[in-house]
Amino acid sequence: MHSRHAGLTYIVPAFALLGLVLFSPVFYGFWFSLFRIQYGAPTDFVGLDNFVRLLDDPTLGGTLSRSTVFTVFAVLFTILIALALSVWIHKLGEKRGFIVQMIVIVPWIISTVVATLLFRWVFVNDIGLALSLARMAGFNDIRLLNDPTSAMTLLIAVSVWKRIGYAVIILLAGLKSIPDDYEEAALIDGANSWQIFRRITLPLLKTPLLLVAIVLTLSNLNTVETPLVLTGGGPGNATRILPIEVFDRAFVNYDLGSATALALVMFLGNILLVLAYVRLAKWKT
Amino acid sequence: MNTISSNRAAAAPYVVPAKRRRHLIGVSGILIACAFTALAVLNLLPLIWGILTSLKAPSDMFRFPPVLFDFTPTLDNYRRVIESGFLGNMKMSLFYSATTVAGTLVLALPAAYAFDRFNFPLRGPLFLLVVASIPLSLGAAALLIPNYLYFTRLGLTNAWYTLPLIYTAHQLPMAIWIMKGTIEGIPRELDEAAIADGASHFEVLRYVILPLSRPAFGAAGVLTFVGSWNEFVAGSVMVDSPQLRPIQPAIYNFIGFFGREWGPLTASATLAILPILIVFALLGRLIVSGLTKGSVKG
Amino acid sequence: MLRRIALSMVLAGTMAAAIPAYAQQTQVRMWTFLNPAGTTPREVALKTIIENFEKANPDIDVVVEPQAWDQMTPKFLAANNAGNAPDVIWVVTDFLGDAIKSGSLASLNDLFIKDWSEEQVADRAGAYWDLTNVDGVQHALFTSRNYISIVYRKDFFDEAGIDPASITTWDEFLKAAEELTVKDSSGQVTRYGFVQGFSENQADPPMMIPYMLGKGAELFNADGTANFASPEGVEALTFQTDLIKKYNVMPEAAVSWTVDDVYEQFASGRAAMILGASVRVSTLQSQLDKDKVGMMLWPGSGDMAHSPAVMAGWAVGVWSKSPVQEQAGKFVDYMLGPDGDKLWVEEGGQSPGLVSTLEGLGDFPQQPGNEYLQVVSEGSAKYGWLAPIDFSIGGYRQSLNKAAQAVVVNGTDPQQALEDAASEFDRANNR
């Protein structure tokens, strides 16, 4: 439609920056992982040894499946709740919608570590508000973090809680850019709200939904602060997910070769996931 | 296609139709009210608790059972935070976030425009590359040490432009995608009409696309600001001088080696969310108010 | 025209006169987690130390770049490779071996120790001095010494009529813990006798370490592999977890508690004794009352009066590739010397590092709330254990905590749990 090269000039500045800051460090990181890293410096060339050693670790399989379970549930619940909230805010009009939106984004705008610590203190700590109230109401012996299942549930809940604000912003922006007359026309034609939502709104939200799904999946797969601060991976291995594994290798055992290898493998997995999402959504660029 | 454009031209300013409004009362209304209360409690209680904690003296902090209001408030924690140079960190973070927002929007809009409106070689794969670089910005912590070595070798660390460069790159993929999504919804007839009137591509971008991209600017702007404001890893590793430090490492300093000090920690965290709330108050309206009607006439 | 030439000559002359002053001021960069602009006692002490030093040495400008403590040492090692490391660095005990072996820490003998008198050397004698000595060369000097044993509520002990000095065996310890555990009318425990945390995030050395060290077992073999599952280790872990499962003096929730959670429980009066670090006592005293918080040594195993406590600290070193090593060394010498040590103790609330400081304190340790300093001094001298630096032991505390979690939550057999922990530790450290 337009001249073929004009487009390229528009994207060159963006790609130059991405190349410098995001892409080239990956190549450097890969080169770095081909060496035995001692005291933070590459020493002998060992090829893919760091990667092969990953396969020798019997715990990684469990970690991977836990990461999967965690991410699936966290993303699913975040999207469902955020979608419901966005639709509601959309219908509320400008003033009230703005207030609700402010309330919704509060957990998201507080720095992750502080937010997780606060949530933990108010809702999880046995000397915190929530459990003290529960005890006064007669509920004793509530096991939260020392039970494997409830620890994982709590981790999912906190991850959802933290990210809903972000999802709402994107979905709301998407909702607001759908012309109102589409829905008006359908209403006039006699459709009910649910049909309108399913047949008109959702398909037009495909791009924001895809963006939210991808970012939430990647964020939950890669972020270490929330699980580290909330559960530390415990009890036992119940909430030990991939980012904790990378963190431990890098900063506890100080095995940078294996940490970088694992990080790169995860990064590759991330890219494949993104491509899979795009393909599944039959999304045309 | 034509019917819809003419419908849009005829659309009246947005008013919630009476039929839709009635829907919210009744059973669904009560359900929604309950759900909203639960949401408000879950979201606001930790924040309120944090603010209350920031006003407590050390001896009041761990009283058991926990006290909500029965204590003498003190501004001591805030004084400590400010005396340790926190306002300087806030200033730096404002600088970093503002430049990141500006840089991101300036780079993302043309790129999104190009991806949607132009057909150039490798367009598909290049866009997939943008999408695929989202994990790179999210998984930054994993490749921390190699990244640090790489940037040090390039001489890019510990300068005033270090963090704006890094943050802009982190936010760019998402911003491009959001903008592209909005530009997709802008009818091409508008472009064609402008070109028929003799506009260049750039003028189309400036006078047709730009004004209609406001929700995207709002969304991308808020996301970029919050993303760079709350970024911790690069902020603590890539810069060393105290004068260049953003706020997250400064807050984190209160989760110190000698134990987390809840007083200054919550005080600094409270101070840190104020600018975000302001930015959201300014830019967030762009998201909520939606497309401006009336600027599009047949 | 002439005026302009004259003006520029005057300018040049002024600048030439000024340049020597600037050229002579060397900058010494230090990485630590303390912020001299901060308001905690230690940070104020650091600021005073720097001010005093700069006054006495106007040609040296000490610049502190505070870092996040858990990233600081890995970042330093990376910076060592990249060539832009700071001149003075604080290294955490866990990474000290790596730091020394990487050659990134200069020899302090060459810098200033060679100028010390014999008394000055003897003033430093002790386990910490020995640890930083590799082949006769001192690579770092310790500060922020930490002694990890039992922190207790004096008022609760007085109430129950128990004298902490009488607790010399583990049985007596258990008895005291049971007596100090308080239940309310509905049978709910409102105060636990002894609390420690078993979270992997923020893991302090668990009680089982002093227990097994006291019985004569070693934590690590000579080749660096873990020796957790020894009979003494199993006995230690069993005793530790029985505190939760059998004797109910520790809550099950402790399985998920971090170090900070435990201190908060203590500060809210829900624990009579906790596994505590000496560096945290001053903070606890600011939250409770000075005379309510004390420290005691671990009970003995019968062979010795008290089981050895794990000690830790921060080792301060000079970067071996620093262009200003001499000045950096001068600063380290001052900061950790008699003047600096006095400030660290009196203003910063730290335990003394020099024998002479301790002696020069007068009745400071007798003042209410400061008795713990004497306990710590005695413990550090006679009943202490420092982690070896010949091999990397990263993650050993986390592994032991995980074993405890397995026993309490999953009901794993202690022997099995320790064997799993040992093999996991070995694998993570490539042994």
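Reader: How much area is buried between chain B and chain A?

Author: Buried area is the accessible area (1.4 Å probe) that two parts lose on being put together, summed over both. In this predicted model, about 9700 Å² is buried between chain B and chain A, and carbon and sulfur atoms give 79% of that area. On the side of chain B that touches chain A, the residues divide into 83 nonpolar, 21 polar and 13 charged. Here Ala, Val, Leu, Ile, Met, Phe, Trp, Tyr, Cys and Pro count as nonpolar, Asp, Glu, Lys and Arg as charged, and the others, Gly among them, as polar.

Reader: How many residues does each chain bring to the contact?

Author: Contact means heavy atoms within 4.5 Å. Chain B brings 117 residues and chain A brings 96 residues.

Reader: Let's turn to a single residue. Is Thr43(A) exposed or partly exposed?

Author: Buried means under 20% relative accessible area, exposed over 50%, and partly exposed in between (1.4 Å probe, protein chains only). Thr43(A) has 35% relative accessibility, so Thr43(A) counts as partly exposed.

Reader: Which residues does Thr43(A) touch, leaving aside its neighbours within four places in sequence?

Author: Those are Phe35(A), Arg36(A) and Gln38(A). As for Phe32(A), 11 residues away along the chain, its C-alpha atom is 9.8 Å from that of Thr43(A).

Note on methods: Residues are numbered from 1 along each chain as its sequence is written. Chains are lettered from A and ligands numbered from 1 in the order in which they are written. This is a predicted model: local features need pLDDT of at least 70, side-chain atom pairs count only at pLDDT 80 or more; totals for chains, interfaces and linings use all residues. Side-chain values use heavy atoms; hydrogens and water are left out.
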